[in-house]
Amino acid sequence: MYNRPIIQHGPLKMTRPILATIHPEALRQNYSQAKKRAPRSLAFAVIKANGYGHGLMRVADALAMADGFALLEIEQAVYLREQGFKQPILLLEGGFSADELVVCANFDLRPAIHCPEQVQWLETVKLSRPLTVCLKLNTGMNRLGFVAESAGAWAQRLQANSNIANVVLMAHYATADEPDKGIDWQLHRFRDAASGLALPACLANSAAIIDYPDTHADWVRPGIMLYGSSPFAERSACHLGLRPAMTLSSRIIGVQQLASGATVGYGRTFCADQAMRIGVVACGYADGYPRHAPTGTPILVCGQRTRLIGRVSMDMLTVDLTNIPAAAIGSPVELWGGQISVDEVAAAAGTISYELMCAIAPRVPVVVA
Ligand SMILES: *Cc1c(COP(=O)(O)O)cnc(C)c1O
């Protein structure tokens, strides 16, 4: 239901060669890395946004041993329950209506509670059983949550509500991935607000799991690290012991010989300064490859690193084959994966790996390795 159909690539079924391969073993290893770094905490594996583009059920199946899951849409949480997943499921934005809180009770889901309206809904609905809720505090991110300093008052009000069994405090960091900015500015507010409440807490995203062990608390929320990508601009995923959970691959479908002075593609943004050979790859922005990736973005052809040249178009992109004489029609290309880190491609395109992985287009067939 939440996975795209898996297309079989075999000799009798020729299809366009683009392919995303998901590596369940890497997902499991990355999850255990998160657990190793936060050994006294339970972990909600964050599988929002279709498992960061990897497929909700592919990720959930690979991480069936996770302590819990966190996502946004209640239908997907219910689907996990129907598939037999029994662990706690956190709804990161909580219920979007009072009715959803009824569903939370029926399926034993844990909504975040971030605004007074959600508290009022909880005071008026009739639930089949009391809920564990995550009281979301705004410690400076200024996205969702109650002003941190009001934590005590809201916690008291929730604890007085017979629809509520347990309250967990939750907050989110804005700069855990930027060592020069750190998290102290938010952590102080959280600690002041939480002191004396004796409530469990759920605070750390991937960056905080890695860099701020003293904030791990009762539950952590690893997302990007599960997918084998680094939350930090300055440190590689490999250096952090993470393995890529997705390979995006394709093949060369065309070769051109350029004379010196010839240009390539839309806008003529690349001009050959000498005679050269280029390859055309079956992958474009309509597959989810970033259109803003400029000339020089790394790419692998026949196992050799080379560079993207010219503009990425809807269905194709072009690569420099100057030093890859063996490359020909059908040669394998890795857009990102084990050799070309998605983080490198994202950096070249001026974005983050999160966006690239989430943007894998529905037309790209996906297989599980
Ligand atoms: C997405 C998200 C996470 C996971 O963040 P990563 O940087 O991917 O580890 C954790 N907590 C909340 C509230 C989120 O929205």
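Rings of Phe, Tyr and Trp, the last taken by its six-membered ring, count as a pair if their centres lie within 6.5 Å. In this predicted model, a search of the whole structure finds six aromatic pairs.

**A tilted pair**
- Phenylalanine 146 and tryptophan 154 form an aromatic pair with 4.3 Å from centre to centre and 35 degrees between the planes, an arrangement that is tilted.
- Phenylalanine 146 counts as buried because its relative accessibility is 5%, and tryptophan 154, with a relative accessible area of 17%, is buried as well.

**A stacked pair**
- The ring centres of tyrosine 289 and tryptophan 336 are 6.1 Å apart and the planes stand at 20 degrees, so this pair is stacked.
- Tyrosine 289 belongs to the loop between β14 (276–281) and β15 (298–301), while tryptophan 336 is in strand β18 (residues 332–336), so the pair ties together parts that lie 47 residues apart in sequence.
- Tyrosine 289 counts as buried at 1% relative accessibility, and tryptophan 336 is buried with a relative accessible area of 1%.

**A cluster of rings**
- Tyr52, Tyr227 and Tyr354 are linked by ring pairs into a cluster.

**A charge over a ring**
- Arginine 235 places its charged end over the ring of phenylalanine 232, at 3.8 Å from the centre of that ring.

Notes: Residues numbered from 1 in each chain as written. Predicted model: local features only at pLDDT ≥ 70, side-chain atom pairs only at ≥ 80, totals over all residues. Heavy atoms only, no water. Phe/Tyr/Trp six-rings, centres within 6.5 Å; stacked < 30°, edge-to-face > 60°. Buried < 20%, exposed > 50% of the residue type's maximum accessible area, 1.4 Å probe, protein only. Helix = DSSP H or I, 4+ residues; strand = E, 2+ residues; numbered from the N terminus. Lys NZ or Arg CZ within 6 Å of the ring centre and 35° of its normal.
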